[in-house]
Amino acid sequence: MTEVRNNWTKEEIAEIYHTPLLDLVYRAATIHRENKDYSEVQISSLISIKTGGCPEDCAYCPQAARYSTGVDVHAILPKHEVVAAAEKAKAGGASRLCMGAAWREVRDNKDFDKVIEMVKAVNELDMEVCCTLGMLTESQAQRLADAGLYAYNHNLDTSEDDYKRIITTRTYDERLQTLEHVRKAKITVCSGGIIGLGETVEDRISMLKTLSNLPKHPESVPINALVPVKGTPLADQAKVSVWDMVRMIATTRIIMPKTVVRLSAGRTEMTTVEQAFCFMAGANSIFAGDKLLTTPNPSFDTDMAMFEILGLKPREAFKNGRPQAAVQEAIAE
């Protein structure tokens with residue numbers, strides 16, 4: 001079996017990334033097939049529980065208050081709407097629900113109390129629950145863990161050197177601190193990045209080095225292709241090549257062999273053949289459903305038809321066990 005390492009160098013990762021494409025895919029596919037469940041793909045559904053009005057200046061994001069993107073600001077959703085969305089996603093084949101809120105950071109207020117109740121309610125549906133809410137303190141991460149949160153998403157987006165070009169309202173270190181707080185609360189970590197921001201290949205390699213050299217690899221690494229949105233500073237960015245996506249996915253699979261690698265934003269621009277290359281290169285997770293927060297995404301029916309063609313099957317929830325807090329509660333009962 002492939003060794004799990006946390007001491008990759010930029011030179012080693014660059015050598016992998018620049019391997020001739022078919023050789024790279026073959027190596028990644030070989031590592032992926034060391035896992036007997038290589039044909040399983042985790043299906044997640046992402047919903048926006050609080051939309052727009054964010055004070056951050058992320059150059060790619062249509063939810064930033066300072067950009068005019070046509071996104072309407074909506075207050076936090078009522079719990080029953082979130083539960084209904086979760087039930088619909090589960091019926092469509094999703095085993096995980098990710099709830100996103102356009103916040104800079106979590107505040108200890110009634111809205112956070114509502115999120116806690118949502119986490120508990122979706123947990124009762126026997127689905128993995130993920131949140132992406134911005135920065136977290138240790139105590140907030142622990143509250144989410146106690147409610148049964150399975151995963152927390154907090155992407156690095158790009159390299160530390162490139163970061164200030166994309167975001168100025170929050171530091172790279174603050175992102176890493178949130179990941180530390182999540183890990184300390186024994187919530188699984190979901191953290192990846194976006195390609196097509198105008199970054200260099202060196203930036204991509206540097207981001208992967210940061211993720212792969214964390215004390216423990218993220219359980220999930222989303223690889224997103226930028227979806228340019230009119231009104232944002234990156235509205236005129238050229239579409240990223242599918243082969244760049246394949247290289248990123250394959251490199252991630254090789255250096256983080258046990259991690260779930262998510263083929264995320266940008267799938268609507270890909271053909272079934274292009275997505276097949278991504279799965280062959282080691283992707284084993286997708287977001288399904290009509291929207292990713294505010295941008296288009298393939299429907300459940302479209303994805304199920306693709307799974308049928310490619311011989312893929314949805315991964316069951318809690319494949320790697322349940323959240324620690326939920327397990328302790330079940331034992332107590």
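Lysine 186 counts as exposed, at 53% relative accessibility. The cut-off for that word is over 50%. This lysine sits in the loop between α7 (172-184) and β5 (188-190). Its backbone deserves a look too. Phi of lysine 186 is positive, near 65°, and the residue is not a glycine.

The model is predicted. Mean pLDDT for the protein chain is 87. Of its residues, 91% reach 70 or more. One stretch to read with care is residues 325-333, where pLDDT stays under 50. For that stretch the model has three contacts beyond four places in sequence.

Now go back along the chain to aspartate 157. This residue also has a positive phi, about 75°, without being a glycine. Aspartate 157 lies in a loop as well, the one between β4 (151-153) and α6 (163-166). Is aspartate 157 buried or exposed? Its relative accessible area is 2%, so aspartate 157 is buried, since buried means under 20%. Lysine 186, by contrast, counts as exposed.

Next comes helix α5, residues 138-146. Which of its residues are buried? They are Gln140, Ala141, Leu144 and Ala145. Why do these four belong on the same side of α5? They cover an arc of only 145° around the axis, and therefore share that side.

Finally, look just past the helix. Glycine 148 follows α5. Its phi is positive, near 100°.

Key
Residues numbered from 1 in each chain as written. Predicted model: local features only at pLDDT ≥ 70, side-chain atom pairs only at ≥ 80, totals over all residues. Heavy atoms only, no water. pLDDT = per-residue confidence, 0-100. Contact = heavy atoms within 4.5 Å. Buried < 20%, exposed > 50% of the residue type's maximum accessible area, 1.4 Å probe, protein only. Helix = DSSP H or I, 4+ residues; strand = E, 2+ residues; numbered from the N terminus. Arc of directions from axis to C-beta.
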